[in-house]
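Biologist: Can you walk me through this structure? I'd like to start with the surface and then go through the charged pairs.

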Amino acid sequence: MAYFSMWFNRQTPKMQDTVRKLVKEGRLQFAGGAWTANDEAAVHYQSVIDQFTLEDDRKRLTLFNDRAQGGSSSAEGILELMLHRRLLHDDLRGLGEPLNETTVARGKIYMVLNSSDKDKVVDERLLQQEIHLPVWLFFSRSFQNTNSIVNANFSSLPRGIEVLTLEPFTNRESLLRLENMFDQSSVTFNLKPFLKSLKAEKIRETTIDGNMSLKDMKRLKFQKDGYLGTDMEYLTANHKPLEEKLKTNNKKFEITMEPMEIRTFIITHKNFDYEKIS
């Protein structure tokens, strides 16, 4: 309503009368449901999804929460997380009604004290993954030995490189997606040891959906208003796509992943067929 009021006050008397008529006839209704803009309801609070950090040139304090919460830093050197909100009377901050919520939410908050070095930030990112994506162990009652067709050597991947997807694509192919979890550091590594553990015969890099070879990607670049050029411009890959057979030189399998980058590959296997082992 605040933004509508700003618009309404700038209109001519004739337009204001028209709006009043529409409201009176029921042709214009306001169904806000007491919702307001964030800056009206809680001017100092922001959404904290998984991490809240306070740092200076030397020290760094980070809070990891296990659920979305409201966070604030209303004064220098202060971090505040809203754990629970209960109002017996409307506080006139945008909610529009009392909030007598008696169910108490009890979560976990992890506090990490570190220096502001870049390497320590990397450690925090890995700890965050362990907290939010813990390992689940499952045990079978069967004692029968099972031999896997493929034993992926995940330890051959460097720290910070995560396997997002590894699943069948066609009878002899798998879809592989890798992500660089770090938001500040690029990672360079050789992918060949990991491919050998998957019994790969060759690999080709694709777009993120796996439907097109990355070397063939050619997307139209949309220009800004006022562009006077006549030539069409296209977007292509920012790096040389990886497309090699495993027999080639090891150096050709060295790749660099930029911060938060996701790269997708199609792996062709040898010596087995998904239909025969499914």
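**Charges, inside and out**

Modeller: Let's start with K245. Its relative accessibility is 52%, and exposed means over 50%, so K245 counts as exposed. Bear in mind that this is a predicted model.

Biologist: Which strand is K245 in?

Modeller: K245 sits in strand β13, which covers residues 243–245.

Biologist: Which residues form the positive surface patch?

Modeller: K196, K202, K245, K247 and K270 form that patch.

Biologist: On to salt bridges. How many are found in the whole structure?

Modeller: The search finds 10. One of the pairs is R60 with E124, whose closest N and O atoms are 2.9 Å apart.

Biologist: Which parts does that pair tie together?

Modeller: R60 lies in strand β3 and E124 in helix α4, residues 118–132.

Biologist: Is R60 buried or exposed?

Modeller: R60 is buried, at 8% relative accessibility. E124 is buried too, with a relative accessible area of 2%.

Biologist: What about E205 and R263?

Modeller: Their side chains meet in a salt bridge, at 2.8 Å from N to O. E205 is in strand β10 (residues 200–206) and R263 is in strand β15 (residues 262–269), so this pair ties together parts 58 residues apart in sequence. Both E205 and R263 are buried.

Biologist: And where are E243 and K215?

Modeller: E243 is in strand β13, and K215 is in the loop between β10 and β11. They are 28 residues apart. Their side chains meet in a salt bridge at 3.6 Å, N to O. E243 is partly exposed, at 34% relative accessibility. K215 counts as exposed, at 53%.

Biologist: Which residues do shared partners join into one network?

Modeller: E55, R60 and E124. Salt bridges that share partners link them.

Biologist: New topic. Where does D57 lie?

Modeller: D57 is in the loop between β2 (51–55) and β3 (59–65). Its relative accessibility is 76%, so D57 counts as exposed. The C-alpha atoms of D57 and S116 are 6.5 Å apart, though 59 residues separate the two along the chain.

Biologist: Last one, helix α2. What span should its 12 residues have?

Modeller: They should span 16 Å, at 1.5 Å a residue. The end C-alpha atoms of α2 (residues 13–24) are 16 Å apart, which agrees.

Biologist: Which residue with a positive phi follows α2?

Modeller: That is G26, with phi near 80 degrees.

Methods: Residues are numbered from 1 along each chain as its sequence is written. This is a predicted model: local features need pLDDT of at least 70, side-chain atom pairs count only at pLDDT 80 or more; totals for chains, interfaces and linings use all residues. Side-chain values use heavy atoms; hydrogens and water are left out. Patches are made of residues with over 30% relative accessible area and no salt bridge: like charges are joined within 9 Å, nonpolar side chains (Val, Leu, Ile, Met, Phe, Trp, Tyr) within 5 Å. Accessible areas come from the Shrake-Rupley method with a 1.4 Å probe; for residues, only the protein chains shown count as cover. A salt bridge is a side-chain nitrogen of Lys or Arg within 4 Å of a carboxyl oxygen of Asp or Glu. Lys and Arg count as positive and Asp and Glu as negative; His and the chain ends are not counted. The place of a charge is taken as NZ of Lys, CZ of Arg, CG of Asp or CD of Glu. Helices (H or I, at least four residues) and strands (E, at least two) are DSSP runs, numbered from the N terminus. Buried means under 20% relative accessible area, exposed over 50%, partly exposed in between (1.4 Å probe, protein chains only). The expected span of a helix is 1.5 Å times one less than its number of residues.
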